Amino acid sequence: MSRISQKHVLEFCTNLHIDVKNIIEKMSPKRVRIGTSFHPQYAKLSEFLEKIVTLKKAGFEAWVNFVPWPPSLKDTPGYKEVFESNNIKFVLQPFIGDYEGRNYPRGYTDDEKKILGIFSDEANTKAVDFKTTNESNKKGKLCRMGQNYAFIHPDGETDRCCKDHTMKLGNVIKGTFKLLDEAIPCQADECNCWRCMLVEKEPEWVKYWGRH
């Protein structure tokens, strides 16, 4: 990731089960921003908080992505308060999957959606609305994913995005990676990305992908 960041502006997601000193020593906050993923069933809140605060003090743009898995949904407001009181953005990522006979995110009950309603900023509102409705089919529409963006797997293999796996862009480790020259139609059966890079929809997504 350090080598990639020398050529590209990089965003990566981590559960912070790592030594953040490696990030601080090997990467520049001018080239890298970090989306952390907090999973309370696997991480201690105090330790996780300490790591992300350390990254912020070192100048990195970092925030918390949180998936309100049904068993931990009731604790969501408390987690939000802890992070935001430390000036850390807390971003909602609705749960996608099956739990106790319900398919999520459309399976969230009215009471559960009330809890999700604490996320009132534009990005979180869009995420909840988009992922809990049927407005997620973008297949066949021209999209700049793969032209302006790539999803990189741990082995270096790349897809055009996290949903459309029909278009491979090579391997960043083997030196075969190359972005697309132009926008191409989406081939994902169900794209649930509310900020996907649809052509002629740039005003709706550019500000969410830009480097701050």
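Me: Why is leucine 16 called buried?

Reply: This is a predicted model, and in it leucine 16 has a relative accessibility of 2%. Buried means under 20%, so leucine 16 counts as buried. The residue belongs to the loop between S1 and H2.

Me: What makes the phi of leucine 16 worth a remark?

Reply: The angle is near 65°, which is a positive value in a residue other than glycine. Asparagine 87 is another such case, with phi near 60°.

Me: Is asparagine 87 buried or exposed, and how do you know?

Reply: Its relative accessible area is 62%. Exposed means over 50%, so asparagine 87 is exposed. You will find asparagine 87 in the loop between H4 and strand S4 (90-92).

Me: Let's turn to glycine 35. Why is glycine 35 called buried?

Reply: Glycine 35 has a relative accessible area of 2%, and the limit for buried is under 20%; therefore the label holds. Glycine 35 sits in strand S2.

Me: What does glycine 35 touch, not counting residues up to four places away in sequence?

Reply: Its partners are Phe12, Cys13, Thr14, Trp63 and Asn65. As for asparagine 15, 20 residues away from glycine 35 in sequence, the C-alpha to C-alpha distance is 8.8 Å.

Me: Phenylalanine 95 and isoleucine 96 come next. Where is each one found?

Reply: Phenylalanine 95 is in the loop between S4 and S5. Isoleucine 96 is placed in the loop between S4 and strand S5 (97-99).

Me: Why is phenylalanine 95 called buried, and why is isoleucine 96 called partly exposed?

Reply: Phenylalanine 95 has 13% relative accessibility, and buried means under 20%, so phenylalanine 95 counts as buried. Isoleucine 96 has 45%. Partly exposed lies between the buried limit of under 20% and the exposed limit of over 50%, so isoleucine 96 counts as partly exposed.

Me: Which residues does each of them touch, not counting residues up to four places away in sequence?

Reply: For phenylalanine 95 the list is Val67, Pro68, Trp69, Pro70, Tyr104, Pro105 and Tyr108. For isoleucine 96 it is Tyr104, Pro105 and Asn192.

Me: Now glutamine 147, please. Why does glutamine 147 count as buried?

Reply: Its relative accessibility is 18%. Buried means under 20%, so glutamine 147 counts as buried. The residue is in the loop between strand S7 (142-143) and strand S8 (151-152).

Me: What does the side chain of glutamine 147 reach?

Reply: The side chain reaches the backbone nitrogen of alanine 183 at 3.5 Å. Leaving out residues up to four places away in sequence, glutamine 147 touches Leu179, Leu180, Asp181, Glu182 and Ala183.

Me: Let's look at the nonpolar cores. Which members of the largest one touch the most other members?

Reply: Ile34, Phe38, Val64 and Phe83 do, in a core of 22 residues. At least two residues each come from strand S1 (10-14), helix H2 (20-26), strand S2 (32-38), helix H3 (45-57), strand S3 (61-66) and helix H4 (76-85). H3 gives the most, with four residues.

Me: What is phenylalanine 83 in contact with, leaving aside neighbours within four places in sequence?

Reply: Phenylalanine 83 contacts Phe38, Leu45, Phe48, Leu49, Val64, Ile88 and Phe90. There is also a second, separate core of 12 residues, and Cys143, Met145, Cys186 and Cys193 are among them.

Me: How many cavities of 30 Å³ or more does the structure hold?

Reply: It holds one. The largest cavity has a volume of about 40 Å³. Its lining consists of Cys143, Met145, Arg160, Cys161, Asp164, Cys186, Cys191 and Cys196.

Me: And what about the protein as a whole: how many helices and strands are there?

Reply: There are seven helices and 11 strands. Of the 212 residues, 41% count as buried.

Notes. Residues numbered from 1 in each chain as written. Predicted model: local features only at pLDDT ≥ 70, side-chain atom pairs only at ≥ 80, totals over all residues. Heavy atoms only, no water. Core = buried A, V, L, I, M, F, W, Y, C linked by side-chain atoms within 4.5 Å. Buried < 20%, exposed > 50% of the residue type's maximum accessible area, 1.4 Å probe, protein only. Contact = heavy atoms within 4.5 Å. Polar contact = N/O pair within 3.5 Å; in protein donor to acceptor, adjacent residues only side chain to side chain. 1 Å grid on protein atoms, 1.4 Å probe; cavity = no way out; pocket = protein on both sides within 12 Å on 5 of 7 lines; lining within 4 Å. Points joined across faces, edges and corners; volume = space filled by probe spheres on them.
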